[in-house]
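Let us walk through a protein step by step. Keep the sequence and the 3D view side by side.

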Amino acid sequence: MRTNGTKLEGVELRRIEMPLVFPFRTSFGTQTTKSALLLRVVTSEGEGWGECVSSAHPLYSSEYVDASADVLRRFFVPALAAGGDVRASAVATTLAPFHGHRMAKAALEMGVLDAELHARGVSLGDELGAVRERVACGVSVGIMDSIDVLIDQVEQYVAQGYVRIKLKIEPGWDVAPVRAVRERFGDDLLLQVDANAAYTLADARLLARLDDFDLLLLEQPLPEDDVLGHADLAKLVRTPICLDESIVSARAAADAIRLGACRIVNIKAGRVGGYLEARRIHDVCAAHGVPVWCGGMIETGLGRAANVALAGLPGFSLPGDTSGSDRFFATDITEPFVLDDGHLPVPTGPGLGVTPIADRLAEVTASTEWLAA
Ligand code: SMG
Ligand code: MG
């Protein structure tokens, strides 16, 4: 029994920079370095780690690393400190008056949750309701300079055991690469595409040409706020539409499903304000019979551990973008996640089940800042 509750002592914000093993090109840009914000949340019960998935530039969404740091420093950490007893289940409510900045909110909630679960000796998977010991892994393959290079990359990932391939697409790089991969790897390969909002409804006939390739899904073809457009598009293409950027909350998921805008949902905790809201989206989708899968934001081992725990929930019936650490990094900041027969194990230790390796963390740290509560 807690009598005085848990006190927030402070949060260490740590900016890290990690080179990618290979440039990652999407319809909105090319990334060669992972810039991220890690949070070490210190409470009277212990400490926990959070990872903020905002990128250096506001291209995937409106959030970006410097803005996340600013809003945490100015508003979120002070609000949490002022709120008294710090509990993961109350972080979202405490921060609700502040609009947006879901990735920063998610990171703070993740850190508080990790600290709390460590104190209770419970793993994140158990806390969220994971029912699997290991999860099936897919890999997201960037836009390449040529079809030959693409085929080569996909070949390597298939050889590494990935059970599903996702191709990034954009106008000018869609039907041809999909056809080439389908022809080369055959009908049994689980294949899907992600447009990161690069098309408009006027492209419906072009997108319908993807119907020939038996794709698992077409992810976020239209802009984030064009939910009705996706509902219209769904009537013009046979490939199931999956939403990523548009689904910013459980309410948004319920709305999109009701409107017929998607048949599948990509769940990313950062995009929706935290792992607890991510679980609610899982529940909403399960109630509607809508399959979900776990998205990725090029996480370090910390966020990857949490994603794998989330992907252990029963409704995650499609392989996620939960690739091994070496998909992006030569060395991770935690013990690396290594694919075993196309799967990753759900961590069983308390909290995230992983912690940063001090030397590795020091090597990638660009700056740190202590925010006293
Ligand atoms: O972590 O494997 C990963 C990346 C998966 O393609 C991926 N993510 O829209 O789903 C998506 C993209 C966004 C990446 S922006 C950093
Ligand atoms: Mg996506």
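Domain bounds, as used here, come from an automatic or database domain assignment. The model itself is predicted.

Start with the overall layout. The assignment gives domain 1 as residues 8-121 plus 357-372, and domain 2 as residues 126-345. The centres of domain 1 and domain 2, taken over C-alpha atoms, are 23 Å apart. Domain 1 brings 33 residues to the contact, and domain 2 brings 43.

How much area is buried between domain 1 and domain 2? It is about 3,300 Å², and carbon and sulfur atoms give 65% of that. On the domain 1 side, Phe 24, Arg 25 and Tyr 60 lose the most area to domain 2. Together they make up 21% of what that side buries. Two salt bridges are found across the interface of domain 1 and domain 2. Arg 25 also has a salt bridge to note: its side chain meets that of Glu 170, at 2.8 Å from N to O.

Now look at helix H3, residues 102-120. Gly 121 follows H3, with a positive phi near 70°.

Which residues coordinate the magnesium ion (ligand 2)? They are Asp 194 (OD), Glu 219 (OE) and Asp 244 (OD), at 2.1 to 2.3 Å. Asp 194 sits in strand S7, while Asp 244 lies in the loop between strand S9 and helix H9. These two are 50 residues apart, so the pair links distant parts of the chain. Both Asp 194 and Asp 244 are buried.

Technical notes:
Residues are numbered from 1 along each chain as its sequence is written. Chains are lettered from A and ligands numbered from 1 in the order in which they are written. This is a predicted model: local features need pLDDT of at least 70, side-chain atom pairs count only at pLDDT 80 or more; totals for chains, interfaces and linings use all residues. Side-chain values use heavy atoms; hydrogens and water are left out. Helices (H or I, at least four residues) and strands (E, at least two) are DSSP runs, numbered from the N terminus. Donors are N, O and S atoms within 2.8 Å of the metal (3.2 Å for Na, K and Ca); water is not among the atoms, so sites may look incomplete. Buried means under 20% relative accessible area, exposed over 50%, partly exposed in between (1.4 Å probe, protein chains only). Contact means heavy atoms within 4.5 Å. Buried area is the accessible area (1.4 Å probe) that two parts lose on being put together, summed over both. A salt bridge is a side-chain nitrogen of Lys or Arg within 4 Å of a carboxyl oxygen of Asp or Glu.
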